[in-house]
Amino acid sequence: MNSDPKLERIAKGNALALCATGTWTASFAPVLERIVADAEKLAGGPQSIFIDVSEVAKLDTFGAWLIERLRRSLTKGPVEAQIAGLSANYSSLVDEVRRVRATAVVDGGTVTITGMLEQIGRTVAGVGGTVAGLVDMLGAVLAAGFRVLIHPRSFRLTSTVHHMEQVCWRAVPIIVLITFLIGCIIAQQGIFHFRRFGADIFVVDMLGVLVLREIGVLLVAIMVAGRSGSAYTAELGSMKMREEIDALRTMGFDPIEVLVLPRMMALVLALPILAFLGAMAALYGGGLVAWLYGGVEPEAFLLRLRDAISIDHFIVGIVKAPVMAAVIGIVACVEGLAVQGSAESLGQHTTASVVKGIFFVIVMDGVFAIFFASIGM
Amino acid sequence: MAGEIQNPIIRVRDITVQFGSTRVLDGLNLDVKRGEILGFVGPSGAGKSVLTRTIIGLVPKVAGSIEVFGVDLDSSNTSQRRNVERRWGVLFQQGALFSSLTVRQNIQFPMREYLRVSQRLMDEITMAKLTMVGLKPEVAERFPSELSGGMIKRVALARALSLDPDLVFLDEPTSGLDPIGAGDFDELVRTLQRTLGLTVFMVTHDLDSLYTACDRIAVLGNGKIIAAGSIADMQASQHPWLRQYFHGKRARAVMG
């Protein structure tokens with residue numbers, strides 16, 4: 001049934017007939033394109049041209065369009081090309097493609113140096129917008145928080161508890177495991193290098209100060225930004241895509257109050273807990289390595305730890321946690337609500353959420369370091 | 001080849017589909033003949049979309065066999081299956097356009113994959129398809145999120161037709177279209193069926209479509225086909241649901 005398409009040229013007196021035979025369908029489209037391109041070279045000749053399609057075995061949109069394209073290019077000048085021998089079946093298809101206007105397709109734009117520079121400029125100028133967006137969201141969340149304080153019944157406890165389970169309870173195993181390993185590594189490296197000076201025991205000081213003040217909370221915050229910040233952005237983003245947020249708004253609910261506030265609350269409560277658990281796991285891991293690898297007995301480790309660290313170290317660490325949680329939450333929610341209609345946009349904003357979240361967490365950590373240094377803690 | 005013409009284009013035998021303990025389709029049999037427009041109706045939740053999705057292989061079945069173009073989809077190898085998939089087009093209920101591609105890229109996506117043709121021809125065919133489904137060429141560079149519901153349906157149909165398939169599955173194609181647009185759509189399906197010899201499997205609730213576009217109607221109920229035949233057969237049927245469906249207030253309005 002399927003046979004190769006052909007276009008034969010038959011001279012009929014003054015006229016030239018182009019007899020199309022075979023199957024003119026999508027499967028043969030590459031061949032058809034070549035045939036038609038060949039025949040288009042006949043344009044501008046003196047003869048009138050007929051395209052005879054009576055012998056075509058099968059025709060679809062591809063074939064019909066190529067015949068129409070041929071007709072159009074042969075029509076140029078005084079000669080008009082005509083299609084002959086159309087069966088009733090196919091004439092409506094050919095009529096259909098005849099309505100197609102040949103419009104030049106705008107190309108997707110080429111990459112130019114000016115274009116790239118423009119892109120860089122726009123991105124830099126957009127930084128201000130990002131910060132403004134974050135402050136805007138902070139304000140909106142605080143306002144919603146005050147409204148909830150005035151009307152405590154409007155607080156969404158169930159939702160908050162649900163998010164607590166997601167970001168806190170379910171995060172415990174992975175957070176504990178990773179901080180435990182980091183504690184082990186710090187202790188091992190400390191012992192390895194301090195041993196050369198006979199200062200093995202100082203590894204306890206290093207471990208205690210580092211874990212409680214910096215590494216514990218910073219590491220946990222980074223992991224939470226990757227784990228929960230991305231989840232928040234994806235959830236809010238897909239709700240935005242499917243107009244669920246618009247639906248909430250039309251029902252008279254404030255999306256900030258319903259969606260953002262419980263998530264923020266959950267995160268702000270969860271991060272100190274996780275940071276504490278992480279710090280304990282890291283100290284435990286470090287102590288274990290100091291004992292097994294460095295020969296520091298657990299009693300000696302604890303004694304040294306008590307001397308080396310004070311409650312200040314712990315407070316410095318744990319105070320940062322809720323602030324970092326707020327930063328992660330705000331960044332994630334802003335990015336989530338900024339998602340546009342496409343899957344690609346969802347991916348971009350989820351990436352941005354994690355990258356910006358981690359960036360701001362580290363910036364905040366630096367600000368805190370300066371602050372605590374100047375107040376002497 | 002001759003056998004393929006006589007045999008039904010889709011042959012569904014005794015298929016059973018189950019979600020957990022709920023049996024959605026229960027030993028269902030259905031034939032779709034070559035070149036016909038089959039309208040598929042049934043109460044909401046009866047499993048019309050499930051049957052469609054089972055035939056195109058998106059929902060696993062517990063028992064039974066499905067043949068499309070004479071190929072048993074269970075025992076076919078990858079290349080046979082690809083060959084079948086190249087010959088059918090699917091219009092999903094929500095359109096299912098790729099949201100990060102423009103309309104033009106959406107329609108060209110199957111062409112790029114299956115045909116080795118020039119960008120120029122792809123662009124021209126895209127314009128032809130857009131014209132066929134009644135859209136302006138300007139739409140081509142828009143993203144799906146910038147389209148209205150009706151436009152999404154039309155673009156999705158254009159994509160389903162992009163390879164000039166022999167068989168198209170339409171899942172509620174006219175829902176969400178204005179009556180004029182729906183009428184045009186029915187006519188378009190008719191035209192395509194006449195010109196391309198298309199076989200159409202159409203899940204629909206639109207009585208107008210059933211009257212004007214469909215050659216045959218199959219009714220799903222209790223996991224089985226409870227009736228199949230022409231619109232006249234349906235009206236003559238004594239089945240309570242059919243009586244309500246075809247003699248209700250809306251049906252009378254359509255029949256005038």
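Within the largest nonpolar core, which has 106 residues, A:I51, B:L38, B:L91, B:V168, B:V200, B:F201 and B:M202 touch the most other members. A nonpolar core is a set of buried Ala, Val, Leu, Ile, Met, Phe, Trp, Tyr and Cys residues joined through C-beta atoms within 7 Å; a residue is buried if 20 or more other C-beta atoms, placed from the backbone, lie within 10 Å of its own. Another core, of 60 residues, lies apart from it and includes A:I186 and A:V334. The model is predicted: local features need pLDDT of at least 70 and side-chain atom pairs pLDDT 80 or more, whereas totals for chains, interfaces and linings use all residues. Residues are numbered from 1 along each chain as its sequence is written, and chains are lettered from A in the order in which they are written.

Chain A contains 12 helices and four strands, taken as DSSP runs (H or I, at least four residues; E, at least two) numbered from the N terminus. Its C-alpha trace spans about 115 × 60 × 45 Å along the principal axes. Buried residues account for 36% of its 377 residues.

The contact between the chains (C-beta atoms, placed from the backbone, within 7 Å) takes 29 residues from chain A and 27 residues from chain B. On the side of chain B that touches chain A, α5 (119-132) and α7 (179-196) each supply at least two residues, and α5(B) gives the most, with nine residues.

Key: Buried ≥ 20, exposed ≤ 12 C-beta atoms within 10 Å, placed from the backbone. Contact = placed C-beta atoms within 7 Å.
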